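The stops below are given in the order in which to select them.

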Amino acid sequence: MLKLQNISKTFNKGTASAKQALNNLSLQLNSGDFVSIIGSNGAGKSTVFNAIGGSFLVDSGHIWLDNEDITFLSEHKRARQIGRLFQDPLRGTAPNMTIEENLALVYLRANKHRSLFGITNKERDFFRTKLAELNLGLEDRLKSKVGLLSGGQRQALTLLMATMITPKLLLLDEHTAALDPATADKVLSLTEKIVAAGHITTMMITHNIASALKLGNRTIMMNNGQIILDISGEERAKMTVPQLLALFKEKSQAALDDDRILLV
Ligand SMILES: Nc1ncnc2c1ncn2[C@@H]1O[C@H](COP(=O)(O)OP(=O)(O)OP(=O)(O)O)[C@@H](O)[C@H]1O
Ligand SMILES: [Mg+2]
C-alpha cells in the first residue's frame, strides 16, 4: 500500500542550523491499516507526512503508494490521492466560499475541466446527504459561508472534503488538538466512522496516548527521525498507557517529551 524505504531528510543542510529530521526511516502499511503515531516534539512526525505528501523531496530513499513510485511526484499530483488534515481548522477550507462551493471544490480539484458554477441539484442532494452524516446540522446551511462555522464544524467539513472522493491514504496531523475536548471527541468518532466506511488507509498523529492505543489497529512511536516502536495485534491490545510510556523511555533513553501530551 504505502511503502517508505530508507527515507532521510536534513533541513538547512550544510549550515549551522542543519537538522536531520528523518533518519533512514522505513515503513510499510497494509491496505486498510489505521496507524496512530506518537512521539516527542520534533521527533519528525509531521515531517514524515510532509515527505509523503510531497511538501519537499526526500534527500534519499523511496516512497511508493499502491505500487506507484511517487518519490518525485509533485505535491499537487499526490494531493489527488492523499487526503490531509492539519491541527488548524482554518486550513483546508475556503472561508469566503459557501459550504456547497467548498464541497464542489473537491470535484474541481479532481477534474480540472469542471467549474465552480452550476452546482447541480443532484450534487446538492449528495452534499446534503454527506453533511447529514456528520450530524452537525450543516445539511441545512449549504449557502452559509464556511468562515462562519465553528472550529469543530470546519474540521468536520474538511474531513468530509478530504474523503468525499475516497483517497488512497488519509494523513491526520493532530487534527483534533485545537478543539475543545467534547468537540475533539466528536470529530474523532466521525473520523473512525468515515475511515471504516471507506476502508481508508489512515495515519494519525496524536498527543493522546490512550487514543493512540485504542483507535485503529497499529501504533507507531517516533524519536529522532526514526520509528522506535511499531506494535499491532495482541501485543498492542494488551498494552497499557504506562507500559507504552515505559517502552518509549527504554527505546529512546529519554522520557516522552511532548508539551501537549494527554494520558487519558
Ligand atoms: N521546513 C523546515 N525547515 C527547517 N526545519 C524543519 C522544517 N520542518 C521541520 N523541521 C525540523 O525538523 C524536526 C522535526 O520536526 P517535525 O515538525 O516533524 O516534528 P513533530 O514530530 O511533528 O513535532 P511536534 O509534536 O512538535 O509537532 C524539528 O527539529 C523541526 O524544527
Ligand atoms: Mg508535528
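Select residues 2-11 and 60-65: strand β1 (residues 2-11) and strand β4 (residues 60-65) pair in the antiparallel sense over five bridges. Strands (E, at least two residues) and helices (H or I, at least four) are DSSP runs, numbered from the N terminus, and two strands pair if DSSP finds at least two bridges between them. Within this pair, Leu4 stands opposite Ile63 in β4. This is a predicted model, in which local features need pLDDT of at least 70 and side-chain atom pairs count only at pLDDT 80 or more, while totals for chains, interfaces and linings use all residues. Residues are numbered from 1 along each chain as its sequence is written, and chains are lettered from A and ligands numbered from 1 in the order in which they are written.

Now widen the selection to the sheet. Four strands form an open sheet in the order β2-β1-β4-β5, with antiparallel pairing. β2 and β5 (68-69) are at the edges with a single partner strand each, so one side of each has no neighbour in the sheet. Contact here means C-beta atoms, placed from the backbone, within 7 Å; axes are lines fitted to C-alpha atoms, for helices over the stretch in contact, and angles run from 0 to 180 degrees between N-to-C directions.

Next, show ligand 1. Which residues are around ligand 1? They are Phe11, Asn12, Lys19, Ala21, Gly39, Asn41, Gly42, Ala43, Gly44, Lys45, Ser46 and Thr47, a residue being near if its C-beta atom, placed from the backbone, lies within 6 Å. Two or more residues each come from β2 (19-29) and α1 (45-53), and α1 gives the largest share, three residues. By class, the shell has three nonpolar, seven polar and two charged residues. Ala, Val, Leu, Ile, Met, Phe, Trp, Tyr, Cys and Pro count as nonpolar, Asp, Glu, Lys and Arg as charged, and the others, Gly among them, as polar.

Move to the other sheet. Six strands form an open sheet in the order β6-β7-β8-β3-β9-β10, and the pairing is mixed. β6 (82-85) and β10 are the edge strands, each with a single partner, so one side of each is left without a neighbour in the sheet. On average, neighbouring strands of this sheet are turned by 15° against each other, direction ignored.

Select residues 34-39 and 202-205: β3 and β8 pair in the parallel sense over four bridges, and the bridge partner of Ile37 in β8 is Ile205. α1 also packs on this sheet, touching β3, β6, β7 (169-173), β8 and β9, and its direction makes about 150° with that of β7. Helix α5 (residues 151-163) packs on the sheet too, touching β6 and β7, with its direction at about 170° to that of β6.

Then select residues 218-223 and 226-232. Strands β9 and β10 pair in the antiparallel sense over six bridges; Ile220 stands opposite Asp230 in β10. In their hairpin, which has two residues between the strands, Asn224 takes a positive phi near 50°.

Last, show α5 with helix α6 (residues 181-198). They pack at an angle of about 10°, with axes 10 Å apart, and are therefore roughly parallel to each other (angles under 35 degrees). Among the contact residues are Leu159 in α5 and Leu190 in α6.

Conventions
Two residues are in contact if their C-beta atoms, placed from the backbone, lie within 7 Å. Angles under 35 degrees count as roughly parallel, over 145 as roughly antiparallel, 65 to 115 as roughly perpendicular and the rest as oblique.
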